[in-house]
Amino acid sequence: MIDLRPVGYVIGLMILGLGAFMIAPAIVDATALNPDWRGFVVSSILTLLVGGALTLGCSTGRRGGLTIEQAFLLTVLSWVALPLFGALPFVLGDYGASGVDALFESVSGITTTGATIIVDLNEIPPGILLWRALLQWMGGVGIVIFAMIFLPTLQVGGMQLFRSEAFDTAGKILPRATEISISIFTIYLGLTLACALVYGLCGQNAFDALCHAMTTLATGGLANYNGSFGELSPASQYAAVVFMILAGLPFVRYVQLVRGDAEPLWRDSQIRTFFAVIAAVVVILSLVRFQAAETTSEESFRQSLFNTVSLITGTGYTNASYDAWGPFAVSILFLIGLIGGCAGSTCCSVKIFRYQVLAAIVVTEMRRVRRPNAIFTARYEGRPLKPDVVTSVLTFFFMFIASLAVLTLVLTYVGLDAQTALSAAASALANIGPGFGPIVGPDGNYASLPDSAKFALIVGMLLGRLELLSVLILFTPNFWLR
């Protein structure tokens, strides 16, 4: 029997932290003389009480490390428990969202998906806007730490490739968790403050600059306006591009850079591929839009660059109605959303390195078909790929495609049209946010979807953020047998 006390203890501490964060939007609303502050205060008290009770009740199970089974449970249950409490302010406050809508907004925030059910952001109390940003900011740093500490050891989706001498977590789980977490959090906080400062210099007020900085570094994409970044200055849009790219790079490389070792940053093949994909797509989209003579050359370039970076990093900001760019451009934007950024970043989706590994496997198999008697080994960055890595990556691709197909079918079954169902399913699994079409596209939102569809998308967002396999393994009988 798995001892759940260590898991409950850590989750209790997380819930306590979440409850403490609720004080900030309460103060903002109280300062603005908005009565919604009461909802945050009540939510905070309830969250702190439950978190404190769980922490105290499970404190006897504290110990130095976690088993593999406990680590799986911790990663999954923490991302289920936190959105439940994160939804309280949406229900108990003046906004008065339904249970499903509140949970959808909370899950979308903490998984940094960026899909929203709020119809008119311009009329929302500032506390709610800040709370959405805080949820995404907490989710962004949480997934980076999760990816760097847990996934390599749990051998999920090929993440075991990213064990390094500086962050080797082999053996006991979390042997250096404190050191890793502090290093990553410090850099994450520093980049967030720098982003807020730059946004302020670009003309945003202090509140918008802070909220948008948090959702940018988290690659979450929940903006404070109905028109997203389309209502902000071109300078803000270019600044967002820079920081979305920075958030899409591996945070372990920043830690190594701060420690005086810049070579891994320049030599990382997934970083080079990430920039190459962005450059190629921007050039293609800019040429397509320029030939259509839809806008000026600068505007065409800016909109192509902004939306390309936003979708490939899974941020989900928009500055134009890219649905109107034609089927070729829409197809490209749909596909790059399924690529994602680098491993160990705040980005979601499949990730660049998995496509690199898949390409290496395909090339090796083609060479083997041509010369069946020769011995070929697939390589990544010059190193032979171990069989467990190959298996993990291939399994991840299969499960991602299968999950996308199942979720699309579920959404069509509950009444969505094919385009909306496919784009919403891809957006949820890849944690992108906006989809395509008049309902969930850049000019729409998810408010009009039936509750059954919203619940299905909630499951999809959690599956995508937790790399699929770490969730699905809990449903295998052998996991619970020791």
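Tyrosine 188 is buried (under 20% relative accessible area, with exposed over 50% and partly exposed in between, for a 1.4 Å probe and protein chains only), its relative accessible area being 1%. The model is predicted, so that local features need pLDDT of at least 70 and side-chain atom pairs count only at pLDDT 80 or more, while totals for chains, interfaces and linings use all residues. Residues are numbered from 1 along each chain as its sequence is written, and side-chain values use heavy atoms, with hydrogens and water left out.

**Overall architecture**

- The protein chain has 21 helices and two strands; helices (H or I, at least four residues) and strands (E, at least two) are DSSP runs numbered from the N terminus.
- Of the 482 residues of the protein chain, 57% count as buried.
- Contact means heavy atoms within 4.5 Å; among contacts in the protein chain between residues at least 6 apart in sequence, 71% join residues at least 24 apart.

**Aromatic pairs and a charge over a ring**

- A search of the whole structure finds 16 aromatic pairs; rings of Phe, Tyr and Trp (its six-membered ring) pair if their centres lie within 6.5 Å, and planes under 30 degrees apart count as stacked, over 60 as edge-to-face and the rest as tilted.
- Phenylalanine 104 and tyrosine 446 form a tilted pair, because their ring planes stand at 40°, with the centres 5.6 Å apart.
- This pair links distant parts of the chain, 342 residues apart: phenylalanine 104 belongs to helix H6 (residues 99-110), and tyrosine 446 to the loop between helix H19 (418-429) and helix H20 (451-465).
- Phenylalanine 104 is buried at a relative accessible area of 1%, and tyrosine 446 also counts as buried, at 4% relative accessibility.
- The rings of tyrosine 188 and phenylalanine 251 likewise make a tilted pair, with centres 6.0 Å apart and planes at 50°.
- Tyrosine 188 lies in helix H9 (residues 177-201) and phenylalanine 251 in helix H12 (residues 251-258), so this pair ties together parts that are 63 residues apart in sequence.
- Phenylalanine 251 counts as buried, at 0% relative accessibility.
- Both rings belong to one aromatic cluster formed by Trp137, Phe185, Tyr188, Phe251 and Tyr254.
- The charged end of arginine 354 sits over the ring of phenylalanine 396, 3.8 Å from its centre; the criterion is that NZ of Lys or CZ of Arg is within 6 Å of the ring centre and within 35 degrees of the ring normal.

**Helix packing**

- Two packed helices are described by the angle between their axes and the distance between the axes; axes are lines fitted to C-alpha atoms, for helices over the stretch in contact, and angles run from 0 to 180 degrees between N-to-C directions.
- H14 (269-291) and helix H17 (residues 352-370) pack at an angle of about 100°, with their axes 9 Å apart.
- H14 is therefore roughly perpendicular to H17; angles of 65 to 115 degrees carry that description, those under 35 count as roughly parallel, those over 145 as roughly antiparallel and the rest as oblique.
- Ser269, Gln270, Thr273 and Phe274 of H14 and Ile352, Phe353 and Gln356 of H17 make this contact.
- The residues of the contact of H14 with H17 divide into three nonpolar, four polar and no charged; Ala, Val, Leu, Ile, Met, Phe, Trp, Tyr, Cys and Pro count as nonpolar, Asp, Glu, Lys and Arg as charged, and the others, Gly among them, as polar.
- H19 and H20 pack at an angle of about 40°, with their axes 7 Å apart, which means that H19 is oblique to H20.
- Ala424, Ala425, Ala428 and Leu429 in H19 meet Leu457, Gly460, Met461, Leu463 and Gly464 in H20, a contact with seven nonpolar, two polar and no charged residues.

**Buried helices**

- Six of the eight residues of H12 are buried, namely Phe251, Val252, Arg253, Tyr254, Val255 and Gln256.
- Just after H12, glycine 260 takes a positive phi of about 100°.
- In helix H16 (residues 327-337), the buried residues are Ala329, Val330, Ile332, Leu333, Phe334, Ile336 and Gly337.
- These buried residues of H16 pack against H14, helix H15 (297-312) and H19.

**Surroundings of phenylalanine 207**

- Phenylalanine 207, found in helix H10 (residues 206-217), counts as partly exposed at 26% relative accessibility.
- Leaving aside neighbours within four places in sequence, phenylalanine 207 is in contact with Val28, Pro126, Leu129, Leu130 and Asn224.
- Phenylalanine 207 and proline 126 are 81 residues apart in sequence and 8.6 Å apart in space, C-alpha to C-alpha.
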